[in-house]
Amino acid sequence: MDFNDAPQEAEFRATVKAWLAEAAAEYQQPPEKPWGLEDFVARSKAWQLKKFENGYVGITWPKAIGGQGLTPMHQIIFNQEEGRTFVPSGLYSIGLGMCIPTVFTHGSPEIAARYVPKALRGEEVWCQLFSEPVAGSDLASIRTRAVKDGDEWVINGQKVWTSFAHKSDFGIVVTRTDFDAPKHKGLTMFIVDMKAPGVEVRPIRQMSGSSDFNEVFFTDVRVKDTHRLGAVGDGWKVSLTTLMHERLAVGGKPRGAPGYQALINVASGIDTDTGPAIQRADVRNRIADTYIADEGIKLTQMRALSALSRGQVPGPEQSISKVVVAKTLQDVSSFALDLAEMSGLAVEAGSDLEKLQGSYMWSAGLRIAGGTDEILRNIIAERVLGLPGDLRPDKDTPFSQLKPL
Ligand SMILES: Cc1cc2nc3c(=O)[nH]c(=O)nc-3n(C[C@H](O)[C@H](O)[C@H](O)COP(=O)(O)OP(=O)(O)OC[C@H]3O[C@@H](n4cnc5c(N)ncnc54)[C@H](O)[C@@H]3O)c2cc1C
């Protein structure tokens, strides 16, 4: 495992650091003054444009489509340095992290030329329309139907949990085009205009008060055949391109997520019936456990970075990172809020306790998004440990003959 940058990586890091020191200043969001959604979207767009103008977008993408043609290590170094600032993040992670790579991998050159530059400039926001009320982990069970009509397709059905659909211009949607084929074989992917007639987006209100994701209903939505991604019936293969990018995008520890240090800070300020919290053995044990988990995550990620730096592809063991990150975050934040008792409810803006309260609310989602704990454990069991595979009895049966749940 390499802990240090190679010379050319160190040089790139220094350039990025110097640029961010100047450029990021006017786009930052101090943690104690959170933006509202509209402001967040406007500032995200402005920051994306600034990065575009300075060559820090599409870092690993081919130059021919407007990327920088650099390595994944360059992208990671940029992310790490950008992650030390408070610039807005998240609005483009699905579009640029997952949708657009699918578009330029499986769409025609004309489609790539139409959509990639505007996405890179941040002018158009994208969402991923995969999950349905009865198809999440088992994505190949989707029922949204697309039927060919001349040189167009007509889409009917429902998606759910679609992040940022309410702020998106376009989406990639997986549909079923052949109900008589086995479930993985009858799927086809399209680009859909989120403002097209028949697309209805209903935001879902979360316990945190915000609405980050949506239900999306399609009623006779027409999509041109030119906007198909991959061959008819190849939607599963195309989805794997998106999901592979998703696992990379959501694998690590989220930017600014609290860890053992936040727990030390909180425990140092709390007096309990049995004395200062920081001196209690159970609290100290919990801090030690969190420290060990944080270090384990850091080293697992470092191992992946070392592989990338040598031009190798990190393996399925990356799933370990996500399982540990999400569970540790949820455990740490719930423990800290319990420790703080009533003051865990009314927290001071910008404090560690506020961060922990935030992570308490969204860490449950992190254990589901991008593959649930159980699904990732299946991957670890099958592909890392070589254990027998999960039972998949419906794999070869025509979808139309499967019994609904
Ligand atoms: C924050 C967040 C953002 C999201 N954003 C998007 C988005 O932008 N676009 C999108 O399409 N989707 C999105 N999703 C949806 C997400 O992909 C699904 O929630 C996820 O795939 C799980 O599917 P499900 O909710 O239908 O649960 P299910 O698949 O029904 O799972 C229910 C429970 O059963 C378990 N389970 C299922 N299958 C197995 C198995 N084979 N073995 C063992 N246990 C199993 C699961 O682990 C889980 O505990 C988002 C979800 C979250 C939380």
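**View 1. Gly-344 and the residues it touches.** Leaving aside residues up to four places away in sequence, Gly-344 touches Leu-337, Leu-353 and Gln-357; contact here means heavy atoms within 4.5 Å. This glycine sits in the loop between α9 (318–340) and α10 (352–366). Helices (H or I, at least four residues) and strands (E, at least two) are DSSP runs, numbered from the N terminus. Buried or exposed? Gly-344 has 5% relative accessibility, so Gly-344 counts as buried. Buried means under 20% relative accessible area, exposed over 50%, and partly exposed in between (1.4 Å probe, protein chains only).

A quick word on what you're looking at: this is a predicted model, where local features need pLDDT of at least 70 and side-chain atom pairs count only at pLDDT 80 or more, while totals for chains, interfaces and linings use all residues. Residues are numbered from 1 along each chain as its sequence is written, and side-chain values use heavy atoms, with hydrogens and water left out.

View 2. Over at Ser-163, an N or O atom of the side chain is 2.8 Å from a nitrogen atom of the ligand. On its own the ligand exposes 970 Å², and the protein buries 65% of that (Shrake-Rupley method, 1.4 Å probe). Which elements give two or more residues to the shell?

**View 3. Trp-153 with Phe-190.** This is a look at aromatic pairs, of which the structure holds 14. Rings of Phe, Tyr and Trp (its six-membered ring) pair if their centres lie within 6.5 Å; planes under 30 degrees apart count as stacked, over 60 as edge-to-face and the rest as tilted. The ring centres of Trp-153 and Phe-190 are 5.2 Å apart with planes at 50 degrees, so this pair is tilted. Trp-153 belongs to strand β3 and Phe-190 to strand β5 (residues 187–193), so the pair ties together parts 37 residues apart in sequence. Both Trp-153 and Phe-190 are buried.

**View 4. Phe-179 with Phe-399.** Here the ring centres of Phe-179 and Phe-399 are 5.8 Å apart and the planes stand at 70 degrees, so the pair is edge-to-face. Phe-179 is in the loop between β4 (170–176) and β5, while Phe-399 is in the segment after α11, 220 residues apart.

Definitions and conventions:
A polar contact is a pair of N or O atoms within 3.5 Å; within protein, one must be able to donate a hydrogen and the other to accept it, and residues adjacent in sequence count only if both atoms are side-chain atoms.
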